[in-house]
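Subject: Structure handover

Hello,

Here is the structure you asked for. My notes follow below it.

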Amino acid sequence: MKRLVLSTALAALMALPALGQSAEPNHGGNMIVTYKDDVATLDPAIGYDWQNWSMIKSVFDGLMDYEPGTTVLRPGLAESYDLSEDGLTYTFHLRPGVKFHNGREMTSEDVVWSINRVVNPATQSPGQGFFGMIEGFDAAATGTAEGLSGLSAPDAKTVVFKLSRPDATFLHVMALNFSFVVPKEVVEAEGADFGKKPVGTGAFRLTEWTLGQRLVFEKNPDYWIAGVPYLDSFTVEVGQEPVVALLRAQNGEVDVPGDGIPPAKFVEVMGDPAQKALVVEGGQLHTGYVTMNVTQPPFDKAEVRRAVNMAINKDRIVQVINGRAVPASQPLPPTMPGYTKDYAGYPYDPEGAKKLLADAGYADGFTTEIYAMNTDPNPRIAQAIQQDLKAIGIDAAIKSLAQANVIEAGGAGTAPMIWSGGMAWIADFPDPANFYGPILGCGGAVEGGWNWAKYCNETLDAKAAEADSIVDPARAGDRLKMWSDIYMAVMEDAPWAPVFNEQRFTMKSARMGGADALYVDPVSIPVNYDYVFIKE
Amino acid sequence: MLAYVARRLIQSALILLGVSFITFLLLYVLPADPVRQIAGRSATAETVESIRRQLGLDQPFLVQYGRYLGNLVQGDFGRSYLQKTEVTDLLLSRLPATLLLMVAAILCELVIGLTLGVIAALNRGKALDNTLMLSSFVTVSAPQFVVALLLLYVFAVRLGWFPIGGYGTPAHLVLPALTLGILGSGWYSRIMRSSMLDVLRADFIRTARAKGLGRARVVLGHALPNAILPVVAMIGIDIGMFMSGIVVVESVFGWPGIGQLAWQAIQRVDIPIIMGVTLVSALAIVIGNLLADLVAPVIDPRIRIR
Amino acid sequence: MTANVSTSPEPADLGGGAPPVWRRLARRRLAVLGLVIIAACVAGAVLAPWVAPHDPNEQHFDGLTIEGAPLPPGAAFWFGTDLLGRDLFSRLLFGARTSLVIGIVANGTALVIGTLVGVTAGYFRGIAGAVLMRFTDLMMAFPALLLAICLAAIFSPSLWIVAMVIAFVNWVQTARVIFTQTSSLAERDFIAAERTLGAGHGRILLRHILPHLVPTLIVWGTLGISTTVLLEAKLSYLGVGVQPPTPSWGNIIFENQTYFQTAPWLVFIPGAAILALALAFNLVGDALRDILDPTQQGRD
C-alpha cells in the first residue's frame, strides 16, 4: 500500500513563492490582464480554451495540483492518497476545513457529485472522455447509470476511485480542470448560468463580470493555503487588440498582455533592452507540425512522408517568425517528460528528399494541397513550407481558411496536408500519453477525430496502453522510456513532419514580481495568478 | 402615411423571416460542425453524438428551423453553444455601445463630410477642390486598421489626450467615432459635392441670386436642402452597416460592440449567436432604410409616398 | 423649403461645331493624367511577367534581415520586401491583375446592377418598385460573410468567385441611393410634361433622368474601386478568393497591416496604388461628365 502524505503543517510551506525566489512576496494590489477574445465560461466542466484555463484554476481546485511554474504534481484538495497494490484503487483523504466561496465546507460528497456531473452526458462536457479509466464509465457516460459505479465517498473526508484498468495518467486527470470541485446547490440554482457566476474553493472569487468588457477576481480570504494569493485582485479586460494591449502595457496601463507579444511588434520589443528585460521566455507543451493523411496517396508511402520531413527548412521558418520558436525534431516538446534528447530527427536535405521521392515512384513530384489557419503567421509559414516542397518537386496549393473549416477538413480526412499552426496540440497535462491518444492513436483516427494524419498503428497503441498501466512511481523511468520508444517509432513512420516548438514570450510590467516560471507556467497558461505579486 | 408605415413594417417582418431562413440554411450547409467545437478535441464519438442529439442538431433542417422560429416568436434567442449564456443577454450587453458609437460616428461623418463637400462644390475646379477630392479618396482607400491605430497612437499614446481604448466616458468615444467619421466622410463629401454642383446649376438658384440674396443664404437656405437628398439614403445605409458591427474599429479601441461578438461567433460556429446578431442587424437595416424613405419626402416634397 | 422652378437640361447637341469627345478630353490635363495612370496599371498587369524584376512568389534568402524582418526599399528590391522576403515591386505588378479585375469588373457590375434596380424602382414605383426595394433590403441584410465562408469551403478558391460575391453584395448601396434620387427626379414637372407630349419611358429615362444620375454614379463607381479592392482582401482572408501566395493589392495590405509601424512600405505603397487607380478613374469620369453635360457647353 503506497502512501503519500502531506500534512497541513507542510501545507504552510506551499505558501512560499516557488523556486527559490529571493524577494519576499508583497501582499496587495490589483493586476490587469488583457485578452482579445471574450471569456467563454468559468464552469470547470465546460471551459476548455487556453484563455479561461488558468482563470478556472484560480477559482476552483481539484484533488491534485502542480507545483507553481512546473509540471510536478502535488496534492491539492486531497492532503494524501493511497494506491492499492494492483494499482486499481485510489483513496484520497481530503484536507479539512476547505470552504467554498459561499461559506459552506467542502466534503467528499461534493467531489463525487462534481465528477459525476462531468461524466453526465447532459452536461455536454468536453472533458468527459478523460475519466474513461474509472469503473462504470461507459454506463454513466451514456446516461444509463446515475453516476460512476467506481466512485464513492465512504465518509465525509474520503473519496475512493476504483479504476477498470491501471492508468499512469490518472493523477494528472485529478489535477485537470474537469475534475475540479463545484458546490451542488449553486450549480443547481444557477443552472446554465453557473459558468457566469462560478463558486468554488479557489484562491480567487469572481466578483464582477461585465459581459464583453471585464472580469474582476478578488482574493479569497479563507483560502486553504495560508498567505496565498498575494494579489488583492486581478482584472481581466477583454476585447483588446493585441497590438493595442502592448501599447497600453508600454504605457503602464496593463500588467500582462494575455495574448502575448503580437508578431508585428516582436522584433521591436526584443530589440529594445529595456523592454526585453520585461519579457519572460519559456517553453510550452506545444509542437507545430505538418500532418500528412496516410490514407491518401501519395502520402500512403512512408518514403514520401520522410521526404517531406527532409524537405522542410526549419531554420528558415524560425527566422521568418522572428526566432519565436526552436526547430522540432519529434512530436513531443522538449519540456515534456519522455522527450528523447539527442535525437536529431530528419536532417534538412532536399537532395536526399528528392531521391526518396524517386524511390517511391514520384521522381517528377506531384500536386497536393496544404491547409492552414488564416491568422498571421500561419499563412506565411504555410507559404514557406510550400516553397520548400516546391524545391523537391511537390506542388502544394495553399488553402488558408478559418479555423473551424480546417478542423472540419482535418477531421473528415479530406485534407492531404495540414499545417497545424494555431490549432496545434497543446498538452492538457504534462504527460507523454496526452500527446498520443487523440492525435496519433487509432482512437483519434476516426471521422471527426483530431488525428488528422489518420495514422493508426495497432502495435504502438498496444505499447501505449502497456506504458500507461505502469503506475508504480519507482518504475516511472521505465514508463517514460517506453513512451520515448513509441514516439521514435512514430518518427520512423513519419505521419507528421514536426517543424518547431513555439516558445512563449510573456511581457509583464516592471512592478510584477514572482519567479519567472510563473509567467510562463506550463500548466497554468499564461500566468499563474495565485502566486504572482506586485512589488512595492 | 400610417398605412404606408404599417405596410412597410409588415414587409420588414417578411424580410426578417427571409434573412433568418437564409442564414439558418447557410449555417446548416456550412462544413464546420458546431458540435465538434462544443465537444472539444478530446471527445469520443459517443460524446459528440450525445451532444448533437441534445441540441437537436441531428434533426432535419426544417425541423430545426421550425423550432428556432417557434422560440424566436416567444422572444427566446436561445443560448450560446459555447458560453451557455442567453443570446439576449449577450446582445443587450453590447447594443448600447454599438448604438452610441453609431450615432456619434454618423454625426462625425456628416459634419466632416458635408462641410468638406460644400466647400469643394463652392470652389469647383480650384486647388482647394482638388485637394479635398484627394483627401476623400485617401480616407476611403485607407485600411480601417491602419487609420484606427494611427489615430490611437498619435492622440492617445503619444499626446495622451484620450485614453488608449476602452469604454465608459465621453473621452473614450471621441477617437473611435472620429476614426469612423474620417473613414466614412469621403463618401459623404463626394456625394454632397456632386449633388451641390447639380443644384447650384439650377435656375432657381440663379433666380435667388438675381434677387440679391447673399451667398451664404443661397447656399445654406436654398441649395443645401435640395442637395441633401442622396445623403439621407446614405445615412440609412450607414445605420445598417454600423449595426452589423465594425469589428476592426471595435477591437482596436476595445469598444464592446456587436462586431466583436459576431466575429468570434463566426470563428467558433456558435450558431445561436450568429443568428441573433444577423437578425438584429437585419432589423436595423430595414429600419434604417424605412427612416430614410420617410425622411426623403420631407426634404423633397415631390417624392410622394405610395 | 422653396419650391423648385423646374428646368430641363436640353440634350447635348453635338452636331457641327463642337470637337469630338476624345479631343476635348485630351485638352483637360487632369483627365489625361488619369488616363495615363489607368494605362500604366493595365500595362503593368498585362506585361508583369516580362517587366517584373523577380518572381513574385520567390522568397529570397537575402530578402529578410537576420531577425526575419523585411527590407525597406533599396537597390536590390526597389519597393522593399515583404515578410517572407519577396520583392514587393514584382508582387505589386502581378497583383494588379487581381485588383484590376475586382476594381473594374466586379465593381462595375455592382454599379450596373445597382443602377438598374434603383432606376426601375424609383421611376416606376408601384408594386414592382416596392418588391425591388424590399429585395434590396433583404440583400443588404444578407449575411455575406457566411456566404463567403460557405463558398470557400465548397468551391476551389478563384478570383471569379470572389468577384461574383462582391458584385452580389455591393450593388445594394448604389441601388438605394439611385432609388432616392430617381424618385425625386421622376416627379419633376418636366417629366410629366414630356409624357403628355408623348415621350416614351425609354426616352425619358435616357435623356432626362440618367444624365442627372451620372455624377452620383461616378462618385459611387470610383470610390467603389477602393472599397471593393479592400473587400476582396477580406474575403480572401476567409478563403474565398485568391489564395496565398497569389498577390493582390488588397491582400498585400491586409496581411501586413499590423506591421505598418515597422514596415510602412508594405501598407503605403499598395495603398497608394489603389488610391491612384481610384483617383484616375475619378479624374476621367469627372472630365467625361463635364464634356457630356449640356449645361457645360462652351466652357472648355
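E16(A) and E17(A) pair in the parallel sense, over 8 bridges. Please keep in mind that this is a predicted model. Within that pairing, Ala372(A) stands opposite Ser400(A) in E17(A). To get from E16(A) to E17(A), the chain passes through helix H13 (residues 378-391) of chain A, and this β-α-β crossover is right-handed.

Both strands belong to an open sheet of 6 strands in chain A. The order is E15-E19-E14-E18-E16-E17, and the pairing is mixed. At the edges stand strand E15 (325-327) and strand E17 (394-401) of chain A. Each has a single partner strand, so one side of each is left without a neighbour in the sheet. On average, neighbouring strands here are turned by 25 degrees against each other, direction ignored.

Is E17(A), then, enclosed or left open by the rest of the structure? It is largely enclosed, because 6 of its 8 residues are buried. Buried here means under 20% relative accessible area.

Pro327(A) has Phe500(A) in E19(A) as its bridge partner.

One helix lies across this sheet. Helix H10 (residues 302-311) of chain A covers strand E14 (288-292), strand E16 (366-373), E17, strand E18 (417-419) and E19 of chain A. H10(A) runs at about 30 degrees to E19(A).

**A buried strand, E11**

Strand E11 (residues 233-237) of chain A is also worth a look. All 5 of its 5 residues are buried, so the strand is largely enclosed by the rest of the structure. Ser233(A), Thr235(A) and Glu237(A) point one way, while Phe234(A) and Val236(A) point the other way. Both groups are buried.

E11(A) has these pairings:

- Strand E2 (residues 30-34) of chain A pairs with E11(A) in the parallel sense over 5 bridges. Val33(A) stands opposite Val236(A).
- Strand E10 (residues 214-219) of chain A pairs with E11(A) in the antiparallel sense, also over 5 bridges. Arg214(A) has Glu237(A) as its bridge partner.

**Salt bridges**

The structure holds 40 salt bridges over all chains. These are some to check on screen.

In chain A, Asp110(A) pairs with Arg104(A), with the closest N and O atoms 2.8 Å apart. Asp110(A) counts as buried, at 5% relative accessibility. Arg104(A) is partly exposed, at 27%.

In chain B, Arg52(B) forms a salt bridge with Asp33(B), at 2.9 Å between the closest N and O atoms. Arg52(B) lies in helix H3 (residues 45-54) of chain B. Asp33(B) sits in the loop between helix H1 (2-29) and helix H2 (34-39) of chain B. The two are 19 residues apart in sequence, so the pair ties together separate parts of the chain. Both Arg52(B) and Asp33(B) are buried.

In chain C, Arg86(C) and Glu255(C) meet in a salt bridge of 3.9 Å, N to O. This pair links distant parts of the chain, 169 residues apart. Arg86(C) is in the loop between helix H2 (29-51) and helix H3 (88-124) of chain C, and Glu255(C) is in helix H9 (residues 249-256) of chain C. Arg86(C) is buried, with a relative accessible area of 1%. Glu255(C) is partly exposed, at 30%.

There is also a network of salt bridges that links Arg8(B), Asp293(B), Arg134(C), Asp137(C) and Arg176(C).

**Nonpolar cores**

In soluble globular proteins, nonpolar side chains tend to be buried together. The largest nonpolar core in this model has 284 residues. Those with the most contacts inside it are Phe92(A), Phe131(A), Phe161(A), Met174(A), Phe217(A) and Leu152(B). Helix H5 (residues 87-122) of chain B gives this core its largest share, 15 residues.

Which residues does Met174(A) touch, not counting residues up to four places away in sequence? They are Gly62(A), Leu63(A), Met64(A), Phe92(A), Ile115(A), Phe131(A), Phe161(A) and Ser179(A).

Another core, of 40 residues, lies apart from the largest one. Among its residues are Met310(A), Ile312(A), Ile381(A) and Leu64(C).

Best wishes

Technical notes
Residues are numbered from 1 along each chain as its sequence is written. Chains are lettered from A and ligands numbered from 1 in the order in which they are written. This is a predicted model: local features need pLDDT of at least 70, side-chain atom pairs count only at pLDDT 80 or more; totals for chains, interfaces and linings use all residues. Side-chain values use heavy atoms; hydrogens and water are left out. Buried means under 20% relative accessible area, exposed over 50%, partly exposed in between (1.4 Å probe, protein chains only). Helices (H or I, at least four residues) and strands (E, at least two) are DSSP runs, numbered from the N terminus. Two strands pair if DSSP finds at least two bridges between them. Axes are lines fitted to C-alpha atoms, for helices over the stretch in contact, and angles run from 0 to 180 degrees between N-to-C directions. Contact means heavy atoms within 4.5 Å. A crossover is right-handed if, with the strands pointing away from the viewer, the path from the first strand over the helix to the second runs clockwise. A salt bridge is a side-chain nitrogen of Lys or Arg within 4 Å of a carboxyl oxygen of Asp or Glu. A nonpolar core is a set of buried Ala, Val, Leu, Ile, Met, Phe, Trp, Tyr and Cys residues joined through side-chain atoms within 4.5 Å.
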